[in-house]
Amino acid sequence: MSENQSTPKTAPVVGIIMGSQSDLKVMEAASEVLEMLQVPYELTIVSAHRTPHRMFEYAEGARKRGIKIIIAGAGGAAHLPGMVASLTTLPVIGVPVKSSNSIDGWDSVLSILQMPGGIPVATVALNGAQNAGILAAQILGTTDAVVADRLEKYRSTLKDKVMRSAEELRRGDRDID
Ligand code: RP5
């Protein structure tokens, strides 16, 4: 299966898939964080309901193609992450998307979260694609010291930002809208 591979140019180790083009505005947060951490990924659309055979092909072929972790996002009757998890022993991170066919987002969350014993999906928050990307990098970081180091640096930037905001507040530099 040929996939739309984004930067960086080396072979992808994370597969980002989503049920519809309409999920992209949420799911691109996962690709942005992987780009920042220089983790090669691929990104494509695989619908559990509209392209079930493509889903089988993707999930069953992913490991052979060098993918180590799959991030799968879907909304409403969000069966993609769970079904992909049932077809591979690669770790699957599920992103519930609040989509056009979601009632309130809980439908997406529960469809992905409540997996039966034996077939786990690591479910992040509603629209939590950024954390899905970070979690994928953290899993890679268990065996890749370079990625682990980039994650440490990223964490430092988060801490620095909080400390800067706290200092601005202390000095009374707070913006008032
Ligand atoms: C799900 O249905 C997709 O993951 C998407 O979140 C939702 C709506 O899809 P579209 O009708 O916008 O294509 O399968």
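Modeller: Let's go with helix 5, where Ala-129, Ala-132, Gly-133, Ile-134, Ala-136, Ala-137, Leu-140 and Gly-141 are buried (under 20% relative accessible area; exposed is over 50%, partly exposed in between, with a 1.4 Å probe and protein chains only). Bear in mind that this is a predicted model, in which local features need pLDDT of at least 70 and side-chain atom pairs count only at pLDDT 80 or more, while totals for chains, interfaces and linings use all residues. Residues are numbered from 1 along each chain as its sequence is written, and side-chain values use heavy atoms, with hydrogens and water left out.

Helix 5 runs over residues 129-141, 13 residues in total, and spans 18 Å between its first and last C-alpha, close to the 18 Å expected (1.5 Å times one less than the number of residues). Helices here are DSSP runs of H or I with at least four residues, strands are runs of E with at least two, and both are numbered from the N terminus. The cover over the buried residues of helix 5 includes strand 1, helix 1, strand 3 (69-75), strand 4 (92-97) and helix 6 (145-171).

Asp-23 is buried, at 3% relative accessible area. Beyond its neighbours within four places in sequence, Asp-23 is in contact (heavy atoms within 4.5 Å) with Met-18, Gly-73, Ala-74, Gly-75, Val-97 and Ser-99.

Asp-23 also sits by the ligand: the residues around that molecule (a heavy atom within 4 Å) are Gly-19, Ser-20, Ser-22, Asp-23, Arg-50, Ala-74, Gly-75, Ser-99, Ser-100 and Asn-101. As for polar contacts (here, N or O atom pairs within 3.5 Å), a backbone N or O atom of Gly-75 is 3.1 Å from a ligand oxygen. From the side chains, an N or O atom of Ser-99 is 3.3 Å from a ligand oxygen, and one of Asn-101 is 3.5 Å from a ligand oxygen.

Then there's Arg-50, in the loop between strand 2 (41-45) and helix 2 (52-61). Arg-50 counts as exposed, with 72% relative accessibility. The unreviewed UniProt entry lists Ser-20, Asp-23 and Arg-50 under "binding site", an annotation that may be inferred rather than shown by experiment.

Conventions
Polar contact = N/O pair within 3.5 Å; in protein donor to acceptor, adjacent residues only side chain to side chain.
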